[in-house]
Amino acid sequence: MKIALDLKSWNTRGLIFVGVVMLALLFAGPEVFDLFVLLKVILFVSTAMLALSMGFIWGFGGILCFGQSAFFGIGGYAYAIGVINMGESTVPILLSVLVPAAFAMLLGYFMFYGRLSDIYLAVVTLAVTLIFYAFIRSTSGEEYVIGNARLMGFNGISSIPVFNWPGFPNSPLWPDDIFYVATTLLILVYFGLRILLRSHFGRVVVAIKENETRAEYLGYDVRFYKMIAFSIGAGIAGLAGCLFVSFNNFINPDVFALGLAAQIIMWVLIGGVGTLVGPMLGSLALQMLYNWLGTQTFASFLNTYLVFGAIILIFVLAVPQGLQPTARLLALRFLPFTRPPEEKARGGGDD
Amino acid sequence: MTDARPILETKGLTMRFGGVVAVDNVDFSLAEGELRCLIGPNGAGKTTFFRCLTHQYKPTSGKVIYRGDEITGSHTHQIARRGIGIKTQVPSVFDGLDVRENIWLSARRNHKDREANRVVDEILERIGLTHLAHQLVGQLAHGERQGVELGIVLTGDPELILLDEPTAGMTHEEVHRTTEMIREINRTASLIVVEHDMQFIKAIANKVTVFNQGAILVEDTMENVLKNQQVRDVYLGKREVA
Amino acid sequence: MDTVALLIIEVLNGISSLALTCAGLAIIFGMMRVINFAHGEFMMLGGYTTVVATNAGVNIWISMLILSPLVVGIIGIISERLLIRFFYGRLVDTLIATWGLSLLLIGIVTAIFGNYITGVSAPLGNFALGQYQLSIYRLVLIGLAVLLFVGIYFVFTRTRLGLIARGTMQNPDQAAVLGISPPRVYMITFGIGAALTGLAGGLLAPISQIIPTVGFTYVAQAFITVITGGTGAITGTIVASGIFGTVRQLVTYETTPIIGGVVLLIVAVVLLRLLPQGITGKIFRRSL
Ligand SMILES: Nc1ncnc2c1ncn2[C@@H]1O[C@H](COP(=O)(O)OP(=O)(O)O)[C@@H](O)[C@H]1O
Ligand SMILES: [Mg+2]
C-alpha cells in the first residue's frame, strides 16, 4: 500500500520516536557509559535482538515457539566454532544467521507442512531445545571436535575471539566499536522488520495470523509463509546469539536450558504481544529487575524460577496486554499531548 | 449464457464424521456460467459439501473435478488459485485488519502493487464500503462484514464462486443490493449459492438442488421444486411449521 | 536368552513408566483439553512428597500410593481454582499460565529444599535373572501401571462420576441443563488428573533422581505421547506409550538415553505427519 510519510499518524510518530531514541543511544552510548556499563549495555542489545525475533514470530506470525533460545544457542555455537576454525569473524557472523535459519527451515518444514497444531508446535520446539541442551552437555569427550573447536560439553567453549574488522583478522574491535556495531545491527534489524511487515510478504504473514483459512482461500500457501517467517525469526535469534557469544568470549549449553526459553516468552508477554518495541523493553526491564534482585539481601531466598513464575502469572492474570500497549493506553488517557490529532479506530497491533 | 460443458463435477463425493455421513455419495454437475441454488434444511450437509470442494475437509471418498481436472487432492490454496472463490457461512475475514487491507490482500495476489491499489478502490466502490475503508473489519456490523467478504472474493476474479448464505443477517436493502450484485457477478462467473430466502432464490436462480441428509434429493427448476411433495415434507413443510 | 528376557523387561519398563507419566495428562489434556505445562512439576511434587515422607519415617508404600496423590491432588485443585479456571477454552493463554505455574512451583520447591538431587531407594530388593540383577520393584511397577489404566478405564466408563465427567466435557451446556454444575465437574476432574500425576511421580521416585527441575524431563514426552494418542485419550495414550516406550528403550539400549529421546521425537513427528489426528483419530475411532 502507500507508504506515505504521514506525520499525523500514530504509527509514523511512533516509528520516528523509536528511531530517535535508538540513534541517541547509538551516538551517546560510549560518551555516557563507563566501560563496565557499556559491556552490560552490549549484552542488553543482544538480548533485545533476541526479544525482537520472538516478538516478530509470535506477535506478528502467531507462531508460539517455546524454543527460540535454541536458535540463539545454535547461532552462538555456529559463531564460536566458525571463528575458532577460521581465525576471522566475518564468515562466522554470517554462519550464525544462516545455520539457525536453515535449521528452522527444516524444522518448520516438518511442523508447518505437517500441519501441526499450535500446541504440538510448542511442545516440539521445547523438546528440540531440551535435546540440544542434553546433547551439547554430553559432548565433553575429546571425540566431539569440529575442526579445531572442541565442544567441551557442559564446561562450554571459552576464549572465543571477538569480532575483527572484515578482512583484517588481526585487528579486533574495541568495546566502543562493538557497541556501535551491536546497536547498528539492532537498529537495522528493527527497521528491517518494520519494512518487512509493510511489504506484501509481511502483510500476508500477519493476515495468516488473523485468519489462516481465509488466507488459504485467497490462494496463499500458508505453510510456506509460516516456514519463512519462522526461519527469519531464527536467523535474527542466531545473530543475537552471535553478539552475545562474541562479547562474552564464552558459550555453554545453558543457552539451551529452560531458563532462557522461559525468559524470552516473558519478555514478549511483558512487553506486549503484537508489538516490536515492547519485547525489547520487556527484556531490558526484566534483566534490570534480575540484576537488582541479585544485589538485594532480602531477596536471598528468591530464585530465578520463583521470580519468573510469579511474573508470568501476574502478567497473564492482571496485565494480559503487556506493558507497551497498557502504557500507551494510559498515556493516551492521562497525557493529552500524546494523542495524535486524529487517532485511527484501531485495536492496537502497531508500535 | 449457460454452456453445456461442466465447470465443476463431483462423483460419489462422501464425507463422514465418525458415524455421521454429512455428505453422502453426491454426484453433482454445474455447467459453465450457470447459477445454481443449493437449498435444504439445517444440517443437510451444504456447508460441508462446500468445504469438500475447497479441500477444507478431505473427503472420505469420491472425486471433485474442475474443468476436467481432478482437484480432490489439491490443497486449498491451489484450488483457490485455479479460480474457485468461497464466501463462508460465518464471514471469514481478517478481523484485526481494516477493510482496505482485507481487500488489498486479495488484490495483491494477482496484481502488481500499483495495479492492486487501483483494484482495491474499484472493489470498495462496487461493494459500497469506500467510506469504511479504514475501519477495522472486526468492528463492523454483520451485514457489512458479509459485504467485505464478498468484496474479498470478487477481488480474486474467480471463475467459480461458492456463496454460503450470503444474505444472512442483512437488512432488506442490503439483500436487494446483494441480489443485484450476484446477478452481475454471474455475467462473468459460475455460481453456487446456498440460501434459505425463497424470494431471493426465485429472483436469481433457474435451477435448484435440494440437499437432504447429505444426499441430493431433487434437482429441478424452482417451480417444480416448490411443487415437489418430497421437498415439501423435508424442507418447506418444516419451515411452515417453524 | 537372559539378554532377551532382560531386554523385554526393559521395554516393558519403558512402556509402563511412560504410560504412568502420561496418565494424568491423558485426563487433563486428553479429555479436558487443558494444556497443563505444569504437568512435569505435578510429577516432581509427587516425587518430593514420597521422598520427604519416606525419609520422615512413613512407610514407602503409603507415601507413594496415598500421600503423593493426595498432596498433588489438593495442589491441583488449588491451582484450578486460583488460575486454570480463568483460561478454559483459551489454549495459548492456558499454555502460558501453566508455564508460569510450572516455574513458580519449581521456584517454591527450590526455595524450600534447595537445588539438590534427592531420592529414595527402591523397596523389595533384587532378583537374579541369569547373570543380571534386576529390581523387583521395577516388575511391580509394570503391574501397577496396568492396574492404574484398568482403574481409569473402569472409572470413566462404568461409574456415575466418570459418565458425568465425560458428558460434561463433551457438552457442558447440556450437562448444566441436567442439573450438573460444570465448574465443579471440571474442578474434580482436574483434581483427579493431578492426583494421578502425583501418584506417577511418587511411584517413579524410587527409580529416578529427584531435583526441582526434574519435571522438564517428563513434560515434553508426556505431551507428545498424549497428542500422538489422539482423541481417544486413554486408549491412545496406552498405544502411543507402547510404541514410544519400545522405540525409546531399544534405541537407548543400543546407544544413549539422549539419542533415545531424539529418536522418540522424530518418530512422533513422522507419526503425526502420517496420522494428523493421532492414532485414535484413525484406527481406534470409538474408543475412550
Ligand atoms: N467438523 C465436523 N465434525 C463433525 N460433524 C460435523 C462437522 N461439520 C459438520 N458436521 C455435521 O455434518 C452435518 C452437516 O452439517 P452442515 O454441512 O453444516 O449442514 P448445513 O450447512 O446444510 O446446515 C451436520 O450433522 C453436522 O453436525
Ligand atoms: Mg451451513
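Let's start inside chain A. Y220(A) is buried, with a relative accessible area of 3%. Keep in mind that this is a predicted model. Y225(A) also counts as buried, at 13% relative accessibility. Together, Y220(A) and Y225(A) make an aromatic pair. The geometry is edge-to-face, with 5.8 Å centre to centre and 90 degrees between the planes.

Now compare that with a pair in chain C. Here the rings belong to Y48(C) and F113(C). Their centres are 5.0 Å apart and their planes meet at 20 degrees, so this pair is stacked. Where do the two residues sit in chain C? Y48(C) is in helix α2, residues 39-55. F113(C) is in helix α4, residues 91-113. Buried or partly exposed? Y48(C) counts as buried at 5% relative accessibility. F113(C), at 38%, counts as partly exposed. Staying with rings, one aromatic cluster lies in chain A. The members are F71(A), Y77(A), F103(A), F112(A), F132(A), F230(A) and F256(A). Over all chains, the count of aromatic pairs comes to 29.

Rings also meet charges. R203(A) lies over the face of W104(B), at 5.0 Å from the ring centre. So here a residue of chain A sits over a ring of chain B. In chain C, the charged end of R33(C) sits over the ring of F29(C), 4.7 Å from its centre.

Back to chain A, and a glutamate. E216(A) lies in helix α8, residues 212-217. E216(A) is buried, with a relative accessible area of 6%. What is E216(A) in contact with, leaving aside its neighbours within four places in sequence? In chain A, the contacts are R115(A) and V222(A). In chain B, they are Q56(B), T76(B), H77(B) and A80(B).

That takes us to chain B and its sheet. Four strands form an open sheet, in the order β2-β1-β4-β5. The pairing is antiparallel. Which strands stand at the edges? They are β2 (20-31) and β5 (69-70) of chain B. Each has a single partner strand, so one side of each is left without a neighbour in the sheet. Further in, five bridges join β1 (residues 6-17) to β4 (residues 61-66) of chain B. In that pairing, T10(B) stands opposite V64(B) in β4(B). Helix α1(B) packs on the sheet and touches β1, β2 and β4 of chain B. Its direction makes about 115 degrees with that of β1(B).

Next, the metal. Which residues coordinate the magnesium ion, ligand 2? They are T47(B), through OG1, and Q89(B), through OE1, at 2.1 to 2.2 Å. T47(B) is in helix α1 (residues 46-53) of chain B. Q89(B) is in the loop between β6 (84-87) and α3 (99-110) of chain B. The two are 42 residues apart, and the pair links distant parts of the chain. Q89(B) counts as partly exposed, at 33% relative accessibility.

Last stop, a hairpin in chain C. Four bridges join β1 (residues 126-129) to β2 (residues 132-135) of chain C. These strands run antiparallel. F127(C) stands opposite L134(C) in β2(C). The hairpin has two residues between the strands, and G130(C) takes a positive phi near 55 degrees.

Definitions and conventions. Residues are numbered from 1 along each chain as its sequence is written. Chains are lettered from A and ligands numbered from 1 in the order in which they are written. This is a predicted model: local features need pLDDT of at least 70, side-chain atom pairs count only at pLDDT 80 or more; totals for chains, interfaces and linings use all residues. Side-chain values use heavy atoms; hydrogens and water are left out. Donors are N, O and S atoms within 2.8 Å of the metal (3.2 Å for Na, K and Ca); water is not among the atoms, so sites may look incomplete. Buried means under 20% relative accessible area, exposed over 50%, partly exposed in between (1.4 Å probe, protein chains only). Two strands pair if DSSP finds at least two bridges between them. Contact means heavy atoms within 4.5 Å. Axes are lines fitted to C-alpha atoms, for helices over the stretch in contact, and angles run from 0 to 180 degrees between N-to-C directions. Rings of Phe, Tyr and Trp (its six-membered ring) pair if their centres lie within 6.5 Å; planes under 30 degrees apart count as stacked, over 60 as edge-to-face and the rest as tilted. A charge sits over a ring if NZ of Lys or CZ of Arg is within 6 Å of the ring centre and within 35 degrees of the ring normal.
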